[in-house]
Amino acid sequence: MEDSKFIDVSDIMGVPVAPAGYKSGFVGIVGRPNVGKSTLMNQLVGQKIAITSPVSQTTRNRLRGILTTPEAQIIFVDTPGIHKPHHQLGKVLVQNARTAIQSVDVVLFVVDGSVESGGGDRYIVEILSNTKIPVILGMNKLDEQPSDSVLIDRTYEQIVNPEWPVVKFSALTGEGVESLQKLLIEHLEVGPYYYPPDLVTDQPERFIMGELIREQILLLTREEVPHSVAIAIDIVQEEAKITRILATIHVERDSQKGILIGKSGSMLKSIGSAAREQIQKLIEGKVYLELFVKVQPKWRQSRTRLAELGYRVEE
């Protein structure tokens with residue numbers, strides 16, 4: 001039976017035939033919350049497709065970023081931070097991250113290299129120890145590492161498999177990212193283009209629009225409205241000179257709705273203004289953005305509500 005990895009996809013989505021010896025594959029980016037996984041993927045693909053925030057648990061969906069070079073095509077799967085779940089949404093996120101680990105060609109385990117390893121890192125090491133998929137340890141935040149990082153490095157050496165290759169980099173500045181990219185390509189097999197070479201993500205624009213709105217909520221409200229927020233893009237109407245977007249922000253409590261709207265609508269206006277600027281960069285055109293806030297009690301605890309808002313357990 002022919003290996004599905006080498007099926008001719010040249011007629012699908014305008015995907016060309018890869019040259020002889022070309023490499024390709026899927027790389028799962030895993031790690032505990034807030035170690036810089038989304039920032040790294042944005043750095044690797046060369047533009048912003050994943051939202052970033054100082055608040056942990058920013059990433060919810062398995063977002064695919066696509067890097068195409070003359071030597072290889074790497075499809076990055078950015079997973080939610082692996083953590084002990086406290087609600088149904090958390091369970092879905094962690095299950096999806098575990099599924100991602102089993103469905104990629106290489107796992108990039110990202111840690112915060114500016115601090116010593118912790119219980120969250122050890123928990124992930126235990127999960128990865130049960131997989132036969134190659135693992136690379138990526139020590140992020142090189143720009144924040146102290147000049148003498150021997151003690152920090154040793155705490156990671158003590159918990160990881162000694163056979164895992166280690167690479168240090170800064171997702172923020174880009175230092176060391178080229179070395180990481182070369183190491184990832186070395187671990188890939190010969191394969192086809194999975195996506196057109198000019199594509200940077202397989203996610204629809206509507207999804208990224210919603211994520212860009214959610215990012216501004218996380219940035220502007222911080223801990224006041226942490227993760228009780230989901231975005232539904234209701235209407236996208238493209239006109240000759242402007243794109244009109246109507247979106248609903250779903251929260252769990254009336255108090256959260258009040259925070260998001262703010263005094264005389266000031267907070268909602270700030271969120272909309274900042275999100276509009278980001279969306280205009282995404283679509284490279286003018287945007288009219290109108291936001292509404294709706295209370296959906298305990299939506300994170302309901303599998304039905306989660307499915308309606310796009311959060312499903314992936315097989």
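Is Ser264 buried or exposed? Ser264 is exposed, because its relative accessible area is 80%, and exposed here means over 50%, buried means under 20%, and partly exposed is in between, using a 1.4 Å probe and protein chains only. Okay, let me back up and say what we're looking at.

This is a predicted model, where local features need pLDDT of at least 70, side-chain atom pairs count only at pLDDT 80 or more, and totals for chains, interfaces and linings use all residues. Residues are numbered from 1 along each chain as its sequence is written, and side-chain values use heavy atoms, with hydrogens and water left out.

So, the overview. The chain has 9 helices and 10 strands; those are DSSP runs numbered from the N terminus, H or I of at least four residues for helices and E of at least two for strands. There are 315 residues, and 51% of them count as buried. The accessible surface is about 15,300 Å², with 49% of that belonging to carbon and sulfur atoms. That area comes from the Shrake-Rupley method with a 1.4 Å probe. Now, contacts: that word means heavy atoms within 4.5 Å. If you take the contacts with a separation of 6 or more, 72% are between residues 24 or more positions apart.

Let's do the helices. In general, two packed helices are described by the angle between their axes and the distance between the axes. The axes are lines fitted to C-alpha atoms, for helices over the stretch in contact, and the angles run from 0 to 180 degrees between N-to-C directions.

Start with α6, residues 205-221, and α8, residues 266-283: they pack at about 140°, and their axes are 9 Å apart. That makes α6 oblique to α8. For the wording, under 35 degrees is roughly parallel, over 145 is roughly antiparallel, 65 to 115 is roughly perpendicular, and the rest is oblique. Who's touching whom? On the α6 side you'll find, among others, Ile208, Met209, Leu212 and Ile213, and on the α8 side the residues include Ile271, Ala274, Ala275 and Gln278. By class, that contact has 13 nonpolar, 4 polar and 1 charged residues. Nonpolar is Ala, Val, Leu, Ile, Met, Phe, Trp, Tyr, Cys and Pro, charged is Asp, Glu, Lys and Arg, and the others count as polar, Gly among them.

Stay on α8 for a second, and bring in α7. Those two pack at about 65°, with axes 4 Å apart, so α7 and α8 are roughly perpendicular to each other. Ile259, Leu260 and Ile261 of α7 make the contact with Ser266, Met267, Leu268 and Ile271 of α8. The tally there is 6 nonpolar, 1 polar and no charged.

As background, most residues other than glycine have a negative phi.

There's another one of those to look at, Asn34. Asn34 has a positive phi of about 70° and is not a glycine either. You'll find Asn34 in the loop between β1 and α1, and at 36% relative accessibility Asn34 counts as partly exposed.

That loop also holds Gly31, between β1 (23-30) and α1 (37-45). Gly31 is buried, because its relative accessibility is 0%. Gly31 and Asp78 are 47 residues apart in sequence, and their C-alphas are 9.8 Å apart. Step back to Val30, which is in strand β1, and you have a buried residue at 1%. Val30 and Phe109 are 79 residues apart in sequence but 5.0 Å apart in space, C-alpha to C-alpha.

Going on to α1 itself: α1 packs with α5, residues 177-186, at about 85°, axes 11 Å apart. That makes α1 roughly perpendicular to α5. Leu40, Gln43 and Leu44 in α1 meet Val177, Leu180 and Gln181 in α5, which divides into 4 nonpolar, 2 polar and no charged.

Last stop, Ile133, in the loop between α3 (119-128) and β5 (135-140). Ile133 is buried, at 16%. Leaving out residues up to four places away in sequence, Ile133 touches Ile101, Gln102, Val104, Asp105, Val106 and Val107. From Ile133 to Gln102 is 31 residues in sequence and 7.6 Å between C-alphas. That's my tour, thanks.
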